[in-house]
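Hi,

Here is the model I promised to pass on. Have a look, and my notes follow below.

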Amino acid sequence: QVQLVESGGGLVQPGGSLRLSCAASGSFFSYNTMGWDRQAPGKQRELVAYITTGGTTNYAASVKGRFTISRDNAKKMLYLQMNSLKPEDTAVYYCGTRAQNYWGQGTQVTVSS
């Protein structure tokens, strides 16, 4: 059974940091590029970052240099370290894979003073 569960979201002040985690169940994890999307209120869902099975990463221009995606295939875990957070990073963050169209239910990140 496929399941993706995000955690680690919350309220943080501008300039702060958060680490999102995503726990996966199912055999698909190790064989797929995994990524994080986000959707802010009133805006379209957008890709934040992805990481291939070989560890190659790619980031949206808006987060490059501030966010770091990583994965642990043995634990079936996906992570997103978010530093220097800005109010415009406020969104629901989803982990998943586009290839299989598997996504979690999301975790809310709010950046506000």
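Which residues does Asp 37 touch, not counting those up to four places away in sequence? They are Arg 45, Glu 46, Leu 47, Val 48, Val 92, Tyr 93, Tyr 94, Arg 98 and Trp 103, with contact meaning heavy atoms within 4.5 Å.

Before going on: this is a predicted model, where local features need pLDDT of at least 70, side-chain atom pairs count only at pLDDT 80 or more, and totals for chains, interfaces and linings use all residues. Residues are numbered from 1 along each chain as its sequence is written, and side-chain values use heavy atoms, leaving out hydrogens and water.

Asp 37 sits in strand β4 (residues 34–39); strands are DSSP runs of E, at least two residues, numbered from the N terminus. Asp 37 counts as buried because its relative accessibility is 2% (buried is under 20% relative accessible area, 1.4 Å probe, protein chains only). Its side chain makes a polar contact of 2.8 Å with that of Arg 98 (N or O atoms within 3.5 Å; within protein, one able to donate a hydrogen and the other to accept it, and sequence-adjacent residues count only if both atoms are side-chain atoms).

Then there's β11 (residues 107–111): Thr 107, Val 109 and Val 111 form its covered face, Gln 108 and Thr 110 the uncovered one. β11 runs parallel to β2 (residues 10–12), with three bridges, and Gly 10 partners Val 109. With β9 (residues 91–97) the pairing is antiparallel, also over three bridges (strands pair if DSSP finds at least two bridges between them). Here Val 92 has Gln 108 as its bridge partner.

Cheers

Definitions and conventions
Buried means under 20% relative accessible area, exposed over 50%, partly exposed in between (1.4 Å probe, protein chains only). Helices (H or I, at least four residues) and strands (E, at least two) are DSSP runs, numbered from the N terminus.
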